[in-house]
Amino acid sequence: MEGKNKYQLVVLNIEKHDIIKLDGTTTTYYTKRGSDIMRIILNKNSSVPMYLQIRNQMRDMILEGILEPGFRLPSERKLAETLGVNRSTVLNAYRDLKADDLIGSHIGKGTVVIMPPIPINRDRMPQKVSKLPWTQLLGECALRMQQPLVSDILKTANRKDVISFAAGFLAQTHDPVEELLEAQSRLLKDYGSTMLQYSATQGYLPLRESITDLMQKRGIKAGPEEIIVLSGSQQAIDLTARIFIDPGDVVIVEEPSFFSALQVFQSVGAKIMSVPIDSNGMRIDFLESLLSRVKPKLIYTIPTFQNPSGTVMNIKRRRQLLDIAYKYQIPILEDDPYGELRYDGDHLPTLKALDQHGYVIYASTFSKIMFPGMRIGWVVAEREVIRQFVLAKQMADLHTNTLGQWIMDDFLRSNVFAKRLKTVIGENIESRNLMIKALKQYAVEGFEWQVPEGGLYIWCHLPQQVDTERLIVKAEEKKVVFVPGKIFYSGYVESNTIRLSFSSPPKRLINTGIRLLMEAVKEIIEEEKVNHYLGNDEIKPIL
Amino acid sequence: MAITFANRIYGMKSSEIRELLKLTENPEIISFAGGAPAPELFPVQEMIQVTEKVLRESGEQALQYGTTEGFNPLREKIAERMNRKFKTNFAYDNILITSGSQQGLDFTGKIFLNEGDVVLCESPTYLAAINAFQAYMPRFIEVPTDSSGMIIGELEKLLETTDNIKFIYIVPDFQNPSGNSWSIERRQQFMNVVKDYDVAVIEDNPYSEIRFEGEMPPSMKSMDEKGQVICLGTFSKTFCPGLRIGWVAAETNLLEKYILVKQSADLHTSSLSQRSIAQYMDSYDFDANIDKIKAVYKKRRDIMLKTIEEEFPKGISFTRPAGGLFLWVVLPEHIDAKEVAAKSIVYNVAFVPGESFFPNYKKKNTLRLNYSNMPEDRIVEGIKRLAIVLKDFYFHSSSSNE
């Protein structure tokens, strides 16, 4: 093994062994060439992307001289196999290292370590300009942002070859395209140059008036001056964070909670504290005991058909939450994208409707009912708070696209929106029922779920021995994708939960998708049994 | 409730432009204040065709969530166009579609700036960029600038002696507010100096295609050996601003950061807007539309310059931009342009006083005039009225001095 240009690969898959008491999902990789040792430790739970972990460690080894110039690196394919990562992960790491001129590829020699960069001396090296080391220039916020989760999910969900239970949006079958075509040409003909021009930062006034009426239906009294139109409700979370949160401030969230919100709060340097939920929503007793110790800047909640759990905060807790907010003087961000999507039971008043003292910042969106691609959402809050939103919005992107606002306004004023809402509810009930039926038909023992009264998601607990990471891989082989539960937690948690969206796949594929998913679950359970018999706790070197 | 906002909020002020724009909604007012393009030039008929085609052919995708990076065919078109016009070397994966180039500015601040980091900029510089970066609480240093760009010797001194410089923000073509463009020589010197330093360069380029005369000088990015230049672009001036489509073009390893920030800011830019522009570029001659815009703006610039020459009192200097949307006026030092603005509103004329365009050392005797948004007769009338106000200031100020 130990020939001149060869290296020995030893894989220690610590994940399965108790011998080395490190983090439960650590993998170690060695390669030897003479006395050189290359060792990469990957932490799958880290927020640092895999490729960066690989790149950073290799870069350090090169700069510290552990890997000497001329050291021949394993091929991308080989390294990927050994580390148990995608080839593209290693490819990206190598690409970065090449861009930094730390490694290079030569025909016949493979990929080798080049000279560590010498501090730039202009007299000696007048020709060669080294690439700008971007990472050194990045600010704290950029460094805190690591996971491309959402875009990964959007990308997978847009794939045509999979059955996707991942995305939180509607099956692409019944958007009112004809109505849109009609409205768009009619409006453009008469108001074209205004619809294509810059418009007010707070939003198109007629649309804010229409939203006033819509809010009235949700029990919220708000004039157009208490409303700002945003580029989707994601922007509501982002701007709220900018307006209220300084690094180190505490933000209280439900556990689990919407991952994109967690990401935003992390990126502004908030300290996130979680309050668990049960079937009646946020545990107010937990919250209260937390508040005796910390003074948070903001409470973030999705009280109705919560993402991911689907739960609804009951009326008693809604009132309690508001009382606590008043007592400790904490603003509440009420995220309500799904409130109108109720399939059974009675509507509960929103927190904003119950709020007597202007503590609630209410965010909602049209995206779960129609045209998510138009990116139109809004916030309702006290005037003083809206003023801050306007300033922040102006800096963020000036205003929301004008054309989309005109169209939404037209649809709210005609009955297109109301009709569409009815259609969506009808479709979603069918999809939900199909999924529940399929789950009952195929579920293995230990796979558990609750039937949601509304929203888009079914939150499922897996049998104990099924690891979500493995299930992702296995399900993807069967062309089924979903969102693993752990991304809805702010810290590291062992969570064998998954979120299934029943509205995202076409209805005819729901049954098949659930069947395939359960096959994947079963296979993992079988494999676990086999591993158990083989006594899989010895370290085996592989090449 | 006593609302406590984040510290950064207390630095945000409602900008003067905003307040002014509120006034200019009054149709009586002759406004040289905003930076809006001429709406009568928007290709409305074509847009009706284009949006209809998009909805008929790919309605579902155009209305559905899209990817954070943007619509790939549009990214490709932008890369191709930049390579052709600005001699850059971009592929589609170097491009992130943003909700206008304002978002590119905001993301740049978010990605690079910690409190107290240094931003170098021209003097004066673009107001909305100052505001966007200000939110991240950096320290601005204005590099002395003349009509050909930054003074390179001064820039070099600053680069040599200042710690924590994160980036240099420049608008090399028909800068907002001055209307000045960097000379070729200055561009070369600039790139030659900055390559020795680990700083990023933000090349904000909304106006270079709105050129009335002369050759387009090379872009900074075309001379970027070190991969340190980030380009910001937009369709707001070459097409329509209401669609809110801009872009960031950068090295892929850095663009990844922008993509992450975009995702948490607003997921992605309106799919319908993106596809409509892409379809427009397929169906119509994008450059021909720019030619139309240029022809109109050139006339407006000419008439504004001519009227200024004829009407303004002596001792006032102004720039003669070869493109873009703005010109810059320097009054005698004792005149405060803010007072002039207050007086002009009485005459139903609006413009932006220049001091907002300086992050540190406000030159109160400066102002910016926009010529893209008003028809020629209104320009003549507005400049005449402004001249009356200015003469009044001349007379009163000089008599009080004596």
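The questions below go from the confidence of the predicted model to its chains, its contacts and single parts.

Reader: Where in chain B is the pLDDT below 50?

Author: The mean pLDDT of chain B is 92, and 94% of its residues reach 70 or more. One stretch falls below 50, and beyond near neighbours in sequence it has 0 contacts in the model. Where pLDDT is low, the predicted coordinates should not be read in detail. The stretch is residues 398-402 of chain B.

Reader: How many helices and strands does chain B have, and what is its radius of gyration?

Author: Chain B has 12 helices and 15 strands. For 402 residues the globule rule gives 21 Å, and chain B comes close to that, so it is as compact as a globular protein of that length. Its C-alpha trace spans about 70 × 60 × 55 Å along the principal axes. The radius of gyration is 21 Å.

Reader: What percentage of the residues of chain B count as buried?

Author: A residue counts as buried if 20 or more other C-beta atoms lie within 10 Å of its own. Among the contacts in chain B with a separation of 6 or more, 76% join residues 24 or more positions apart. Of the 402 residues of chain B, the buried part is 53%.

Reader: Which element supplies the largest share of the side of domain 1 of chain B that touches domain 2 of chain B?

Author: Chain B is divided into domain 1 (7-36 + 288-401) and domain 2 (44-283), with C-alpha centres 26 Å apart. In the contact, 30 residues of domain 1 of chain B meet 30 residues of domain 2 of chain B. Helix H10 (286-311) and strand S12 (326-330) of chain B each supply at least two residues on the domain 1 side. The largest share, 6 residues, comes from H10(B).

Reader: How do the residues of the side of chain A that touches chain B divide into nonpolar, polar and charged?

Author: The contact takes 77 residues from chain A and 71 residues from chain B. On the chain A side, helix H7 (residues 177-195) gives the largest share, 11 residues. The residues of that side divide into 37 nonpolar, 27 polar and 13 charged.

Reader: Is Gln197(A) buried or exposed, or in between?

Author: Gln197(A) lies in the loop between H7 and helix H8 (205-217) of chain A. Not counting residues up to four places away in sequence, Gln197(A) touches Thr402(A), Ala36(B), Pro39(B), Pro241(B) and Gly242(B). Being buried takes 20 or more C-beta neighbours. Gln197(A) has 19 inside 10 Å, so Gln197(A) counts as partly exposed.

Reader: How many of the residues of H9(A) are buried?

Author: Helix H9 (residues 233-244) of chain A has 12 residues and reaches 17 Å from its first C-alpha to its last, close to the 16 Å expected. The buried residues of H9(A) include Ser233(A), Asp238(A), Arg242(A) and Phe244(A). The helix is largely enclosed by the rest of the structure, because the buried residues number 12 of the 12.

Definitions and conventions:
Residues numbered from 1 in each chain as written. Chains lettered and ligands numbered in written order. Predicted model: local features only at pLDDT ≥ 70, side-chain atom pairs only at ≥ 80, totals over all residues. pLDDT = per-residue confidence, 0-100. Contact = placed C-beta atoms within 7 Å. Helix = DSSP H or I, 4+ residues; strand = E, 2+ residues; numbered from the N terminus. Expected span 1.5 Å × (residues − 1). Nonpolar A, V, L, I, M, F, W, Y, C, P; charged D, E, K, R; others polar. Domains from an automatic or database assignment. Rg over C-alpha atoms; globule rule 2.2 N^0.38 Å.
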